Amino acid sequence: MDDTGPARTTRAGPAPLDWGIGHYEHTAADLLPAARRLVEVAGVEAGETVVDVGCGTGSAALVAAARGAAVLGVDPAARLLALAREQAAAAHLDVEFVAGAAAALPVEDAGADVVLSSFGVIFAPDHRAAAAEFARVRAPRGRIVFSAWLPGSPVIEMNRLAATAVREALGIGPGPAPFPWHDEAAIAELFVPYGLRVTAQREELIITAASAAAYLELQSRSHPLAISGLAVVDRHGDGTALRAHLLDVLENGNESDTHFHTTSHYLITTVR
Ligand SMILES: C[S@@+](CC[C@H](N)C(=O)[O-])C[C@H]1O[C@@H](n2cnc3c(N)ncnc32)[C@H](O)[C@@H]1O
């Protein structure tokens with residue numbers, strides 16, 4: 001056996017996630033108002049070429065196509081692309097959906113008037129490669145417009161705690177901080193090499209459910225991140241304690257006495 005090279009831990013880090021597991025479509029429905037807002041802020045016009053990066057079930061792509069743009073949706077998750085194609089057909093919209101990732105877009109140089117990403121590029125493992133690719137495909141005088149969660153809202157805090165619990169259960173420590181796609185200064189620095197300027201605006205999204213417990217239960221059995229994360233914590237850690245902690249966070253952040261109602265804050269950034 002080859003025993004040279006760096007010392008290894010016995011447990012590997014989290015595997016790359018297939019967003020096709022579970023039923024991301026429930027979350028896509030919750031996020032649809034944010035996709036609509038993204039397209040509005042981007043000012044997508046009829047006849048423009050648009051690429052929607054991390055398109056998922058096609059939310060922003062379909063909104064842009066309904067405005068008369070020529071749209072390509074790109075995502076690594078095959079099942080979500082199939083759902084996006086079904087939605088396009090049902091809406092009689094001519095949108096192409098293809099497999100791909102932010103760091104390798106199937107788009108020619110300067111091929112997109114608008115590069116959109118509704119909470120998609122934030123999952124790219126290499127932020128510099130994604131930024132380089134966005135700058136490559138952006139047409140002269142085009143724009144790159146994407147959304148990213150701001151930290152602190154209950155649903156975002158729930159996701160952060162779950163991700164931390166996964167790493168603890170795997171015994172792999174906190175790891176490097178992900179690139180802050182919600183931080184205007186960091187994004188401005190990321191796009192300096194391409195001579196591009198950044199503007200950003202805060203937005204908010206309301207999420208509702210019958211109760212905090214019902215929301216957590218639906219997320220646990222439908223959201224790809226929750227399904228894979230809870231499976232790891234159930235196997236290697238204390239899933240019951242994690243669920244109780246997550247429910248606490250959601251209940252403390254509930255803005256209603258009659259049902260679950262919470263505000264999530266996010267940033268829309270425009271790079272041009
Ligand atoms: C939170 S979902 C957003 C989906 C959709 N844009 C929406 O608004 O509902 C994140 C999406 O990013 C995709 N994704 C994950 N890694 C990616 C990468 N490296 N490049 C592009 N998309 C990626 C996932 O497959 C998933 O569809």
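# Reading a predicted model, feature by feature

Colleague: Where is Gly195 found in this structure?

Modeller: Gly195 is found in the loop that runs between helix H6 (184-191) and strand S6 (198-209). Please keep in mind throughout that this is a predicted model.

Colleague: Is Gly195 buried or exposed?

Modeller: Residues over 50% relative accessible area are called exposed, and Gly195 counts as exposed because its relative accessibility is 63%.

Colleague: How should I read Leu218?

Modeller: Leu218 is found in helix H7 (residues 212-222), and Leu218 counts as partly exposed because its relative accessibility is 25%. Leaving aside the neighbours within four places in sequence, Leu218 is in contact with His26 and His223. The C-alpha atoms of Leu218 and His23 are separated by 9.6 Å, although these two residues are 195 residues apart along the chain.

Colleague: What is the general idea behind a nonpolar core, and which residues touch the most other members here?

Modeller: In soluble globular proteins, nonpolar side chains tend to be buried together. In this model the largest nonpolar core has 55 residues, and Phe97 and Leu116 touch the most other members. If we leave aside neighbours within four places in sequence, the residues in contact with Phe97 are Cys55, Gly58, Ala61, Leu62, Gly73, Leu81, Ala84, Arg85 and Ala88. There is also a second, separate core of 28 residues, which includes Ala124, Ala130, Phe134 and Ala148.

Colleague: How do I read the buried side of a helix, and which residues of helix H4 (residues 127-137) are buried?

Modeller: An α-helix has 3.6 residues a turn, so residues three or four places apart point the same way. The buried residues of H4 are Ala130, Ala131, Glu133, Phe134, Ala135 and Val137, and they pack against strand S1 (49-53), strand S4 (112-118), strand S5 (138-149) and H6. At the start of H4, a side-chain oxygen of Asp126 comes to within 3.1 Å of the backbone nitrogen of Arg128.

Colleague: How many residues of helix H2 (residues 59-66) are buried?

Modeller: H2 is mostly covered, with seven of its eight residues buried, namely Ser59, Ala60, Ala61, Leu62, Val63, Ala64 and Ala65. These buried residues pack against helix H1 (24-42), S1, strand S2 (70-75), helix H3 (78-90), strand S3 (96-99) and S4. After H2 comes Gly68, which has a positive phi near 95°.

Colleague: Which residues come nearest to the ligand?

Modeller: Of the 17 residues around the ligand, those that come nearest are Tyr24, Gly54, Asp75, Ala102 and Ser118. The residues of this shell divide into 12 nonpolar, four polar and one charged.

Colleague: What distances separate the ligand from Gly54, from Asp75 and from Ser118?

Modeller: A backbone N or O atom of Gly54 lies 2.7 Å from a nitrogen atom of the ligand, and a backbone N or O atom of Ser118 lies 2.8 Å from a nitrogen atom of the ligand. For Asp75, a polar side-chain atom lies 2.6 Å from an oxygen atom of the ligand. On its own the ligand has 590 Å² of accessible area, and the protein covers 94% of that area.

Conventions:
Residues are numbered from 1 along each chain as its sequence is written. This is a predicted model: local features need pLDDT of at least 70, side-chain atom pairs count only at pLDDT 80 or more; totals for chains, interfaces and linings use all residues. Side-chain values use heavy atoms; hydrogens and water are left out. A nonpolar core is a set of buried Ala, Val, Leu, Ile, Met, Phe, Trp, Tyr and Cys residues joined through side-chain atoms within 4.5 Å. Buried means under 20% relative accessible area, exposed over 50%, partly exposed in between (1.4 Å probe, protein chains only). Contact means heavy atoms within 4.5 Å. A residue is near a molecule or strand if one of its heavy atoms lies within 4 Å of it. A polar contact is a pair of N or O atoms within 3.5 Å; within protein, one must be able to donate a hydrogen and the other to accept it, and residues adjacent in sequence count only if both atoms are side-chain atoms. Accessible areas come from the Shrake-Rupley method with a 1.4 Å probe; for residues, only the protein chains shown count as cover. Ala, Val, Leu, Ile, Met, Phe, Trp, Tyr, Cys and Pro count as nonpolar, Asp, Glu, Lys and Arg as charged, and the others, Gly among them, as polar. Helices (H or I, at least four residues) and strands (E, at least two) are DSSP runs, numbered from the N terminus.
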